[in-house]
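I am opening a notebook on a structure that is new to me, and I will begin with what its database record marks before turning to the atoms.

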Amino acid sequence: MTLITDVRLRRVLDSRGNPTVEADVLTESGGFGRAAAPSGASTGEYEAVERPPGEAIAAAREHAVPRLVGEAYAGNQREVDALLHAADGTDDFSKLGANSAVAISMAAAKAGADVLGAPLFQHLGGTFRGQNFPIPLGNVVGGGEHAADATDIQEFLAAPVGAPSVEDAVFANAAVHAAIADLLAERDHPCGKGDEGAWAPSIDDEEAFEIVDEAVSAVEDEVGFEIGFGLDVAGAELYDADSETYEYSDTTRDTDEQIAYIADLVEEYDLVYVEDPLDEDDYEAFADLTDRVGDRTLICGDDLFVTNTKRLREGIEQGAANSILIKPNQIGTLTDAFDAIELATANGYDSVVSHRSGETEDATIAHLAVATDAPFIKTGAVGGERTAKLNELIRIADDAT
Ligand SMILES: O=C(O)[C@@H](CO)OP(=O)(O)O
Ligand SMILES: [Mg+2]
């Protein structure tokens with residue numbers, strides 16, 4: 001029933017206005033799945049390779065589509081993804097492009113679910129999934145690679161850890177985003193938004209901490225449940241390998257100072273989450289920081305692990321971080337993303353399923369998070385390509401997908 005009869009690929013727009021790859025997978029019994037690849041700006045050095053969409057589409061048409069059509073079953077995700085790897089033949093998808101691979105992988109999963117008549121999360125995770133929902137981490141203020149002339153720290157993330165439901169959590173993050181607009185206006189910092197919809201004021205990190213802290217407390221009082229906040233430092237973007245220092249607009253920190261700075265921030269603001277506080281090559285510094293504050297907060301590896309089980313294994317051995325960011329396009333297939341989550345869970349690492357700064361309306365990651373019982377999802381707070389995932393979570397909770 002799920003035998004793949006056609007794979008169609010095209011260029012569509014992403015949220016930055018850049019082209020990206022969209023795939024349709026059709027099956028023998030009329031099953032249909034469509035998915036599109038997201039795209040990063042602060043990409044990790046060890047990510048699978050994204051090729052220019054036109055080239056990635058041509059490569060996939062030549063090498064992958066013939067292996068799938070009439071040969072593979074959309075309902076068998078491991079088989080589809082193994083064929084994508086075989087068609088590529090490299091260890092980083094540099095021949096097909098991870099953008100073509102991930103679009104086909106996710107579209108096949110949707111086609112498989114369509115034939116079964118099951119919601120995607122259930123096809124991927126089984127019938128016992130759909131009871132637990134991830135806590136959404138919502139980007140409310142940011143800069144780094146996502147906005148010019150804004151904060152050094154890439155993302156300040158609202159984290160409604162005490163929300164009674166995913167719907168309450170999603171609305172709480174939007175309320176924090178709105179409260180921050182008011183505080184910025186009061187302080188005379190009118191500003192636009194960065195790539196992920198977060199406010200991108202021209203202020204220093206210290207002032208951003210004050211504002212986010214105030215907004216989170218105000219909304220917490222309003223809604224009556226606990227809201228914390230966290231960061232994506234995107235440390236690799238601040239790190240200068242020649243001088244071995246972290247370069248901020250107003251100061252420079254060596255690795256020990258960076259560790260101490262982050263540990264102080266965790267203490268001062270009771271941060272519930274800190275992603276990529278250090279450079280992507282520095283497992284040792286990650287282990288040191290995790291040792292200091294890992295009992296109180298999540299230290300998450302994004303550029304450090306790039307959703308790659310080999311790099312995660314190294315981190316587990318060294319005690320580097322205690323959670324992993326999961327981005328299917330960093331590794332190229334849903335199977336690889338699943339394997340990373342399973343390895344993380346088996347070793348007590350929390351998974352945070354994540355969007356990219358360049359996104360589409362595709363909501364696969366909402367289903368992936370529910371299917372794997374991931375405790376967190378990071379997918380923005382506002383903006384159509386972000387709310388596509390947040391609203392899908394609300395629909396899943398309402399049994400309406
Ligand atoms: O660093 C990150 O975590 C992501 C998403 O927020 O950004 P990008 O997609 O630009 O890598
Ligand atoms: Mg990151």
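**Annotated binding site**

I looked up the record, where an unreviewed UniProt entry gives the annotation "binding site" to Gln154, Lys327, Arg356, Ser357 and Lys378. I then checked these residues against the cavities, and found that Gln154, Lys327, Arg356, Ser357 and Lys378 are included in the lining of the second largest cavity. I note here that the model is predicted, and that the values below are computed from it.

**Lys327**

I looked next at where Lys327 sits, which is the loop that runs between β12 (323-326) and α11 (328-331). Is Lys327 buried or exposed? Its relative accessibility is 5%, and because buried means under 20%, Lys327 counts as buried. Setting aside residues up to four places away in sequence, I listed what Lys327 touches, namely Asp302, Thr307, Ser354, His355 and Arg356; Arg356 also carries the "binding site" annotation in the unreviewed UniProt entry.

**Ser357**

I turned to Ser357, which I found in the loop between β13 (350-354) and α13 (364-371). With a relative accessible area of 3%, Ser357 falls under the 20% cut-off and is therefore buried. Which residues does Ser357 contact, leaving aside its neighbours within four places in sequence? I noted Ser15, Arg16, Ser39, Gly40, Ala41, His146, Asp195, Glu196 and Arg386. With one of these, His146, there is a polar contact from side chain to side chain, at 3.5 Å.

**Ligand 1**

I then asked how many residues surround ligand 1.

An N or O atom in the side chain of Glu275 is 2.9 Å from an oxygen atom of the ligand, and for Ala41 a backbone N or O atom lies 2.7 Å from an oxygen atom of ligand 1. For the side chain of Ser357, the distance from an N or O atom to an oxygen atom of ligand 1 is 2.6 Å. Taken alone, ligand 1 exposes 310 Å², and the protein buries 100% of that.

Over residues 130-400 I recorded 44% helix and 17% strand, with the end C-alpha atoms 11 Å apart.

Note on methods: Residues numbered from 1 in each chain as written. Chains lettered and ligands numbered in written order. Predicted model: local features only at pLDDT ≥ 70, side-chain atom pairs only at ≥ 80, totals over all residues. Heavy atoms only, no water. UniProt positions renumbered as here; feature names shortened; annotations may be inferred. 1 Å grid on protein atoms, 1.4 Å probe; cavity = no way out; pocket = protein on both sides within 12 Å on 5 of 7 lines; lining within 4 Å. Helix = DSSP H or I, 4+ residues; strand = E, 2+ residues; numbered from the N terminus. Buried < 20%, exposed > 50% of the residue type's maximum accessible area, 1.4 Å probe, protein only. Contact = heavy atoms within 4.5 Å. Polar contact = N/O pair within 3.5 Å; in protein donor to acceptor, adjacent residues only side chain to side chain. Near = heavy atom within 4 Å. Areas by Shrake-Rupley, 256 points an atom, 1.4 Å probe, with all protein chains shown as cover.
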